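Please keep the structure open while you read.

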Amino acid sequence: MKAVFLGWSADDAMERLFVSEDCDVLLVWDYRDWTFDYSLLEGYEQIKLFAWSLGVFASGEVMSLCSQKPVRSVAFAGTLQPIDNAKGIPPKIYELTLNTLSPAALRKFRLRMCGGAEGLKTFPLGERDSDIEELKEALVSIEKRYSAEETGNFAFDKAYISGRDKIFPPDNQLSAWQSTTESETIDCEHFDFEQMRNIFAEL
């Protein structure tokens with residue numbers, strides 16, 4: 001099985017990006033609470049993990065409590081310190097995103113995430129409306145979880161740093177991974193359909 005933890009504001013429309021002909025794929029994207037049905041992972045000899053954006057932190061929380069550890073784990077354009085001036089999204093930016101979220105603000109966010117209108121065309125959600133209140137709840141939930149006294153202790157095998165990222169600053173990504181995890185910088189935006197699909201396929 002390949003488990004994919006998506007970034008904030010993504011959903012099952014992303015399934016066309018993460019396709020595997022030789023194994024099952026589990027997509028995770030709702031971070032409004034931290035309940036996880038670990039029985040979904042039972043019966044699989046191997047679990048491989050791909051995590052993107054805020055899904056990097058979310059997957060770390062889930063997998064640190066999982067009895068079966070992934071045989072390979074890859075992080076893309078995210079860190080285990082999601083709200084941090086030096087290793088994640090700067091707190092002021094995170095709070096601004098939460099406090100000003102609207103359909104128009106979400107479109108602007110996705111444009112920045114994809115590097116402009118052309119990149120947005122490759123984002124599976126495209127112009128589809130999303131539930132703004134649910135997205136706010138997810139941001140609040142992630143913030144509360146990260147602010148808790150104890151968080152997960154999961155370690156990734158490799159991290160891909162998105163060199164033109166406008167969501168997670170590339171320097172912050174590099175700072176987050178440089179002393180703990182093998183990392184590679186790629187010349188891409190926070191969301192890059194081809195890069196993500198290729199890395200996922202190679203897991």
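A salt bridge here is a side-chain nitrogen of Lys or Arg within 4 Å of a carboxyl oxygen of Asp or Glu. By that test, the whole structure holds 12 salt bridges. This is a predicted model: local features need pLDDT of at least 70, side-chain atom pairs count only at pLDDT 80 or more, and totals for chains, interfaces and linings use all residues. Residues are numbered from 1 along each chain as its sequence is written, and side-chain values use heavy atoms, with hydrogens and water left out.

**Salt bridges of R32**
- R32 pairs with D30, with the closest N and O atoms 2.7 Å apart.
- R32 also pairs with E137, at 3.9 Å between the closest N and O atoms.
- R32 sits in the loop between β2 (25-28) and β3, and E137 in helix α5 (residues 132-147), so this pair ties together parts 105 residues apart in sequence.
- Helices (H or I, at least four residues) and strands (E, at least two) are DSSP runs, numbered from the N terminus.

**A pair within α5**
- E133 and K136 form a salt bridge (3.8 Å, N to O).
- Both lie in helix α5, 3 residues apart, about one turn of the helix.
- Shared partners link D30, R32, E134 and E137 into one salt-bridge network.

**The S53 site**
- S53 lies in the loop between β3 (48-52) and α1 (54-63).
- S53 is buried, at 6% relative accessible area.
- Buried means under 20%, exposed over 50%, partly exposed in between (1.4 Å probe, protein chains only).
- Beyond neighbours within four places in sequence, S53 contacts G7, F76, A77, G78, T79, F168 and H190; contact means heavy atoms within 4.5 Å.
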